[in-house]
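User: Hi! Could you walk me through this structure? I'd like to start with the aromatic residues.
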Amino acid sequence: MNRTPQEVFADHGARLGTGDLDLVSRNYAEDAVLLTPEGTLTGREGVRRGIGKLLADLPGADWQLNPAFAGDVLFLQWTAATDTHEVTDGVDTFVFRDGLISAQTVRYTLTPRTA
């Protein structure tokens, strides 16, 4: 099934909400690349590790997403907040190929949330 980038991203968000990293990683190509400030993660196993860290940093977060699509590329600015931490500067880029995510960058600053 060849999905549009918008369909893949919508499904990606739904899968992230489950917290099931195996389910989340199925939206990525087998040879996907996830680039983070800490380094480059490859393949679906790398995606599971990278997304796992994000979800562990922000368990049960309230997410605010601002996506901008241009063909097979998505630029995503986002914020997220939990009871104890927040991100106000989240930025990701996604590249889609053949109905899957083939590359993603992710960068955010996790800070303690003030009352």
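Analyst: Happy to. One cut-off first: a residue is called buried when its relative accessible area is under 20%, exposed when over 50%, and partly exposed in between. Also keep in mind that this is a predicted model.

User: Good to know. How many aromatic pairs does the structure hold?
Analyst: There are 6 aromatic pairs. In one of them, the ring centres of F9 and F94 lie 5.7 Å apart with the planes at 70 degrees, so this pair is edge-to-face.

User: Where do F9 and F94 sit in the chain?
Analyst: F9 belongs to helix α1 (residues 5–18) and F94 to strand β5 (residues 85–97).

User: Which aromatic cluster is F9 in?
Analyst: F9 forms one aromatic cluster with F69, F94 and F96.

User: OK, on to the tryptophans. What kind of pair do W63 and W78 form?
Analyst: W63 and W78 make a tilted pair, 5.2 Å centre to centre and with 50 degrees between the planes. W63 is in strand β3 (residues 62–70) and W78 is in strand β4 (residues 73–81), 15 residues apart. W63 is partly exposed at a relative accessible area of 32%, whereas W78 is buried at 4% relative accessibility.

User: What else is W78 in contact with, leaving aside its neighbours within four places in sequence?
Analyst: Besides W63, the contacts of W78 include L54, L58, L65, V87, V91 and Y108. Among them are also Q64, T88, D89, G90 and D92.

User: Which residues touch the most other members of the largest nonpolar core?
Analyst: That core has 23 residues, and the ones touching the most other members are Y28, L58, W78, F94 and F96. At least two residues of the core come from each of α1, β1, α3 (43–57), β4, β5 and β6 (100–107).

User: Switching topic: how do β1 and β2 pair?
Analyst: Strand β1 (residues 28–36) runs antiparallel to strand β2 (residues 39–42), and the two pair over 4 bridges. A hairpin through 2 residues joins them. Across this pairing, L34 stands opposite L41 in β2.

User: And where do side chains point in a regular strand?
Analyst: In general, they alternate between the two faces of the sheet.

Definitions and conventions: Residues numbered from 1 in each chain as written. Predicted model: local features only at pLDDT ≥ 70, side-chain atom pairs only at ≥ 80, totals over all residues. Heavy atoms only, no water. Phe/Tyr/Trp six-rings, centres within 6.5 Å; stacked < 30°, edge-to-face > 60°. Buried < 20%, exposed > 50% of the residue type's maximum accessible area, 1.4 Å probe, protein only. Pairing = 2+ DSSP bridges. Core = buried A, V, L, I, M, F, W, Y, C linked by side-chain atoms within 4.5 Å. Contact = heavy atoms within 4.5 Å.
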